[in-house]
Amino acid sequence: MATASTEIRVTPKIAAEHGVTREEYARIQQILGRDPNVTELGIFSVMWSEHCSYKSSKVHLKRLPTRGKLVVQGPGENAGVVDIGDGLVAAFKIESHNHPSYVEPFQGATTGVGGILRDIFTMGARPIAVLDSLRFGEITASRHTNEADAAKNRRILDGVIRGIGSYGNCFGVPTVGGEVAFEPCYSQNPLVNALALGIAKKEEIFLAKAKGIGNPVIYVGAKTGRDGIHGASLLASAEFTEESKQKRPNVQVGDPFMEKLLLEACLEAMQTGAVVAIQDMGAAGLTCSTMEMASRGGTGIEIDLAKVPQRETGMTPYEIMLSESQERMLLVAEKGREHEVLAVFKKWGLDAVVVGNVTEGGIARINNNGRVAAEIPAHPLAEEGPVYHRPVAAPPPRIETEKDWFTFAPEGANLTSNFVKLLASPAISSKRWITEQYDTSVRTNTLAGPGASDAAVVRIKDPSTGVVKRALALSTDGNGRWCQLNPRAGAMHAVAEAARNVACSGARPIAATNCLNFGSPEKPGVMWQFSETIDGLAEACTALNTPITGGNVSFYNETLGKSIYPTPVIGVLGILDDASQVLKIAFRQEGDIIVLLDGSSSSVGAQHAAPLLGTQREFSSSEYSKMIAGIVAGEPPAIDLAAEKRLQDCLIALAAEGAVLSAHDISDGGLAVTLAESCFASAGAGLAPPALGVNVTLDDLSPAEAAAFGERGARAIVSVTPSKLAAVLNTARQYKVAAREIGQVTRGDAFCIEYRGRAVIDSSVGRLRDAWAHSLERTLTSK
Amino acid sequence: MKFGVVVFPGSNCDHDAFYAIGNVLQKPVEFIWHQSENLANCDAIILPGGFSYGDYLRTGAIARFSPVMKSVEKFANSGGMVLGVCNGFQILCEAGLLPGAMMRNSGLRFICRHVHIRVEQTDTPFTNAAQKGQILKIPIAHSDGNYTCDEATVADLEKNHQVIFRYTTPDGSDDNAGNPNGAVHNIAGVCNRQRNVAGLMPHPERAVESALGSNDGLVIFRSMVEALVGAAKATA
């Protein structure tokens, strides 16, 4: 074959520099029946990178439940697709962009959002919402973080926030939710996970399968440049070292305006009926899109690189194939109708060029100026890459004694000042300063934006008529600290909390997507965390009827040999049959009764009466323990998935009956924080003084701090008009959920929680709100 | 009566304006492509929010040169009703159809939240259905909404009652405290001297149903409908 003679000869050293192991190289030789040239080596190296091939995770991911009666498309395509009724489907997926966001926070975050949006509209769905799940190092100095590192973490956060905003705001998709958490372990390795949701008509979903021998292959969108070469292989599939700054050129640069044009042009082109298949050029760019489309379609593909629109002159085949320039798509059109497709892209002012065609025989041939630059069997490359059964080893059991755990305050202690501290902590405090930098209301579908409800809720306008009937709810969750202490339980909690949040908005959870952020898969301990996490996810998703429809795995989240907490982030999607029945967290009126719902069966009749040591151990993993005592130990709260399911079913029924006025789950910071947030929300985002407070009595058997700040799951509070109380209690009984009146919504500013006849928290909503509302802004804008 | 919503390639509130007029108010409305010089016999033109041509230069700086803007200018100069929202307001300023210019928000950040604006004048086709002094709760979503102009111009605007919307607090007591972006004289929206062209930074099309948190924006579109009905009667 005629390959460019000026090319570098592939040597074992060059293969190693591409991250290709000796065994993998032998496999390449076997597939090709010869040595690869350097372009081919580049193609193999990106396709077989951890990021693109899932070679370390594949054997475990098989254990996840992916089927359900509403699942139209499970993992393996650009996004998962579920049936949402009335001939409509929702496409959604979450993906990480962690390493780029550390190296270059602004561009890393923008291209993370851009990439996930393309995954959605590649399926033919118009994006209607984005959520971001973010993890940073500590932003204030502490015993784990010095001031210089805290300042750096603040800069990373600022860049990421601006990047997310800049992209979504210009593109025109509302950023409606997500979460932000802080732990020292993310200091050198922040997590930026972006989730996008889109809707389409069921019969108009597009897949990335090349079909029809002789059909033209069309390149559309931005020109190809030298940016992002090896983004997927070198940046995303290796841990950070001190030289990681040099990887800045591996970060791609985003152009949201270009993406907006691409969105409109793609959706319009799809309407012509002349598009056969489409795939975005994300990780591994032209390589991944050509090879995967051919492989999935069982065809070959032939393209001519000379026809690829290029931003720079003198680019080699290697560079063109490996570029990760953003906002590009590859599509296959029906032969003879390509002009219809090209006309649409011309209308939107975009490059659209026929660069090749679908061929018989399964070979992907990459030509460049009449020479063959690469010739590879597509299927073996895309589907028969290495699969590793990496060693898995559980760490030695942690030996902890009572001394390592949180010591409860003596009975009668006033907890108000600790509560104020907790409310002001970065984890608990209001994220409004961040979310106000995102457009949350464009497209006029946002029924519950950030903080309004436990889940983000967007209504669905029928794409043809604009008529509204249903709404979709989404929540992302994942507690890395709990996963570090117990990956399996932590993973189950992540699913349970996301689903519980969705149910608190009144919606029924129907499907999930996951972003699995871990350290190096080459460490047996990390693989143990991963394996445990998969088992936890599988169990929880099965119990809660939320099959996993897609997502991604991000390994190598470590710097200088230190791994992050294992951090699975779960996005759960729910459906609300009546868009007018959204439940929010805000208390509504004076005199309403506050009811604590608890799905756990042990609490029906006798309440949670775990022995003190068990309570102590469990409480040591709480936000309060970390914040007030600096203790992170013990175990996550025991999880009871049947209890979670009962509670969720009960909440959905209460919302459908219109029986409750607010709902808010108990999670980070416990019951006290839940109550406070419902008070704060009642005052709205305006400047008006808070008008509603609470008077609550806890008659718990556990110590006051555990009662007020414990984070045991399967619980939520609802507020109820007195006349409807009997109906609410009756519904709760039907679902075998314990319902206890714990107090009342009061007029005025008083916030009072009594425990065993004594006020343990006694403050004003105004004071609490001040601590909660402004602390993040003060921290982030002070220097 | 027919509304036209201009679609620049980077408009992203075009569908929202279309929905507000077509689905909520149930009035005829159609899209007008930016490369068209034909305004399709529309009686009122809306320049929607978004990022017209990416706005990597100054917001609206390129949009003013688009083919459709030639027709919009002619239409405005002959008395046609034109409303610019957010990016549309920026474009109208760049095109010279409204006085003033936009700077970055004083906080140098994008801001999206509900703000309160006071209707200062009701003798315009955009506010005739409102009460003078009425306070509207409407969201903003912009980086560049810091309206500015020289002292003489702002004095002129005030003297000619061209400031039609002003930021304020929910109870209307403190305009400075309600100003989210540093705009001069707390200006949220202005009209031209002839009162047939207006622009505002808040998004009335996002406040047309209580499910969205407010329907206070409707009064602006209702005013336009009433003005068009009145004009039709006058010529009948």
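A nonpolar core is a set of buried Ala, Val, Leu, Ile, Met, Phe, Trp, Tyr and Cys residues joined through C-beta atoms within 7 Å. A residue is buried if 20 or more other C-beta atoms lie within 10 Å of its own, exposed if 12 or fewer, and partly exposed in between, with C-beta atoms placed from the backbone. The structure is a predicted model, in which local features need pLDDT of at least 70, side-chain atom pairs count only at pLDDT 80 or more, and totals for chains, interfaces and linings use all residues. Residues are numbered from 1 along each chain as its sequence is written, and chains are lettered from A and ligands numbered from 1 in the order in which they are written.

The predictor assigns the complex an ipTM of 0.97 and a pTM of 0.96.

The largest nonpolar core has 327 residues, of which Met47(A), Leu472(A), Val495(A) and Ala708(A) touch the most other members. Its greatest contribution, 11 residues, comes from helix α18 (residues 487–504) of chain A. Helices (H or I, at least four residues) and strands (E, at least two) are DSSP runs, numbered from the N terminus. Because domain 1 (1–62 + 207–385) and domain 2 (583–783) of chain A both give residues to this core, the core lies between them. Domain bounds come from an automatic or database domain assignment. The centres of domain 1 and domain 2 of chain A, taken over C-alpha atoms, are separated by 51 Å.

Beyond its neighbours within four places in sequence, Leu472(A) is in contact (C-beta atoms, placed from the backbone, within 7 Å) with residues including Ile84(A), Ala90(A), Leu197(A) and Val458(A). Two strands pair if DSSP finds at least two bridges between them. Strand β3 (residues 88–96) of chain A runs antiparallel to β6(A) and is joined to it by 9 bridges. Strand β4 (residues 126–136) of chain A is likewise antiparallel to β6(A), with 9 bridges, and here Arg135(A) stands opposite Leu191(A).

The contact between the chains takes 26 residues from chain A and 24 residues from chain B. On the side of chain A that touches chain B, α8 (147–171), α10 (256–271) and β14 (446–448) each supply at least two residues. The residues of that side comprise 10 nonpolar, 12 polar and 4 charged. In this division Ala, Val, Leu, Ile, Met, Phe, Trp, Tyr, Cys and Pro count as nonpolar, Asp, Glu, Lys and Arg as charged, and the others, Gly among them, as polar.

Within chain B, 5 of the 5 residues of strand β10 (residues 187–191) are buried. Strand β9 (residues 163–168) of chain B pairs with β10(B) in the antiparallel sense through 3 bridges, and Val163(B) has Val190(B) as its bridge partner. Strand β11 (residues 197–200) of chain B is also antiparallel to β10(B), over 3 bridges, with Val190(B) opposite Gly199(B). The hairpin of β10(B) and β11(B) has 5 residues between the strands, and Arg195(B) there takes a positive phi near 70°.

His161(B), in the loop between α4 (151–159) and β9 of chain B, has a positive phi near 55° although this residue is not a glycine. His161(B) is partly exposed, with 14 other C-beta atoms within 10 Å.

How values were computed: Contact = placed C-beta atoms within 7 Å.
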